[in-house]
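Please keep the sequence and the 3D view open while reading.

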Amino acid sequence: MNPTRTTPAALSVRDVSKTFAGTKALDEVSFEVAPGSVHALLGGNGSGKSTLIKILAGVYRADPGGVIGLAGEEAAADQMTPDLAASLGLRFVHQDIGVFPELTVAENIGLVNGFEGRGGRVPWRNLRRRTADLLARFEVAARPEQQMAELRPADQTMVAVARALEDDSSGLAMLVLDEPTASLPRHEVDLLLDAVRRCAASGQTILLVSHRIDEVLAIAEAVTVLRDGREVVTRDAEGLTEEELIRHIVGRSVQTVFPRPPEVAAERATALRVSGLRGDPVVDASFEIRQGEVVGLAGLLGSGRTELLRMIFGAYPRAAGEIELYGEPIAPASPTAAMDLGIAYVPEQRGIDAAFADLSVRENLSLADIGSYRRGPLFDHRAERRDASRDLERFSIRAAGQGAVFSSLSGGNQQKTILARWLRSEARRVGK
């Protein structure tokens, strides 16, 4: 297919739709991104952001009729492929930045963009020189011979950005940053945003996908908001308030979205008490949570947040300390034991610790409660289908159906499926 030169926008998305077995994930989405700008793409879980990004990357084929334009060229959205996306100048850095921590910076560049060797030999000197030039071009605080694991998280992300844009000598490529700060601590976020600002100041056009409203308002020059697969607003970010942006994202006021939580009465039973819990890197964790209370657990990467929750769930070794559940001492030695006690755990990395990507949505919903469908030697598939239909409606899980493969869902809908799995039961919940 030969794209034709028609549009002056850096990126033009016109009437792009995507249907999964009768479910509209995108419904005639249209917006434009100005050259040399940072344009934010926002939306709640299931809004269509992930689907649109996958269409731009050529991973999904859009419904017929939509058009994607880039730097004066355009192509039918239903004809996009990874090769076509690359030829049009689309470059992607995803939340999982795809680096190899045990390899050097130069090796990470060469593995993706080629080593330019002959006869099966790697020209290491040329690769290191080429990498040094690339790092200098993007002002990345790293050396070619450094292991990636030695770099700060923000610098690792910038290596991935430099790698994606290495062949863009003209500066006309469109860089898509998909949730680049999701796993970064606050001080690393500031470093990365400063680097993104420098890229934009040099003329790079950036489409930033993010859930973090404060970051969007700090860095974006324009925003597009998707809701339920539709574009609800595209406008300049100047003058846009956080309250207005939330209203666009969810369709109602911030007071409705985040009402003041009710006071938890002092006489409420203590649901969970943790005393002197230890286990590397947790040193001495003590707290209690009353029934009906929501308690936030915060900390930087490596602070022990995840390990603490996994200890409570029986999935991480506990060196010392006590745990009480509704006044009863417990010591779950495994997740199965914790589940038997009524504890549920929604992990940080659902793809690794919580999901079965190749199974259906229905099967993923049933995994924590599979025994309730056993009828002697038989399995009650009708009851399983009934409960899955109820959960899809109750939690507004947008899927092609309960038989859809879990991996076909957007990230937000995957997370809602994992949460619905546990909320289906009457578990006393401990989650992240």
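Predicted model: local features only at pLDDT ≥ 70, side-chain atom pairs only at ≥ 80, totals over all residues.

Strand β10 (residues 222-227) pairs with β11 over six bridges, and the two strands run in the antiparallel sense.

**The six-stranded sheet**

- The strands β7-β8-β9-β4-β10-β11, in that order, make up an open sheet of six strands in which the pairing is mixed.
- At the edges stand β7 (90-93) and β11 (230-236), and each has a single partner strand, so one side of each is left without a neighbour in the sheet.
- From one strand to the next, the twist of this sheet averages 20 degrees.
- Within the pair formed by β10 and β11, V225 stands opposite V233 in β11.

**The four-stranded sheet**

- A further open sheet is formed by four strands in the order β13-β12-β14-β15, and here the pairing is antiparallel.
- The edge strands of this sheet are β13 (282-290) and β15 (328-330), each of which pairs on one side only.
- Neighbouring strands in the sheet are turned against each other by 20 degrees on average, when direction is ignored.
- Helix α10 (residues 305-312) packs on this sheet, where the helix touches β12, β13 and β14, and its direction makes about 115 degrees with that of β12.
- Strand β12 (residues 270-279) is joined by five bridges to strand β14 (residues 320-325), and the two run antiparallel.
- β12 and β13 form a hairpin that has two residues between the strands, and the bridge partner of G279 in β13 is V282.

**The helix pair α3 and α4**

- The axes of helix α3 (residues 105-113) and helix α4 (residues 124-137) come within 9 Å and cross at roughly 95 degrees; the two helices are therefore roughly perpendicular to each other.
- On the α3 side the contact is made by V105, A106, E107, I109, G110 and N113, while on the α4 side the residues are W124, L127, R128, R130, T131, L134 and L135.
- Sorted by class, the contact of α3 with α4 has seven nonpolar, three polar and three charged residues.

**Cavities**

- The structure holds two cavities of 30 Å³ or more.
- The largest cavity contains about 170 Å³ of space, and of the 15 residues that line this cavity, F20, A25, T51, R398 and S410 lie nearest its centre.
- The lining of the largest cavity divides into six nonpolar residues, eight polar residues and one charged residue.
- The second largest cavity contains about 30 Å³ of space, and the residues that line this cavity are P180, T181, L193, L208, V209, S210 and E215.
- By class, the lining of the second largest cavity has four nonpolar residues, two polar residues and one charged residue.

**Backbone details**

- Most residues other than glycine have a negative phi, and most peptide bonds are trans.
- The peptide bond from D280 to P281 is cis, with omega near 5 degrees, and P281 is placed in the loop between β12 and β13.
- D15, which is placed in strand β2 (residues 11-20), has a phi near 55 degrees, a positive value in a residue other than glycine.

Terms used: Residues numbered from 1 in each chain as written. Heavy atoms only, no water. Axes fitted to C-alpha atoms, helices over the stretch in contact; angles between N-to-C directions. Parallel < 35°, antiparallel > 145°, perpendicular 65-115°, else oblique. Contact = heavy atoms within 4.5 Å. Nonpolar A, V, L, I, M, F, W, Y, C, P; charged D, E, K, R; others polar. 1 Å grid on protein atoms, 1.4 Å probe; cavity = no way out; pocket = protein on both sides within 12 Å on 5 of 7 lines; lining within 4 Å. Points joined across faces, edges and corners; volume = space filled by probe spheres on them. Pairing = 2+ DSSP bridges.
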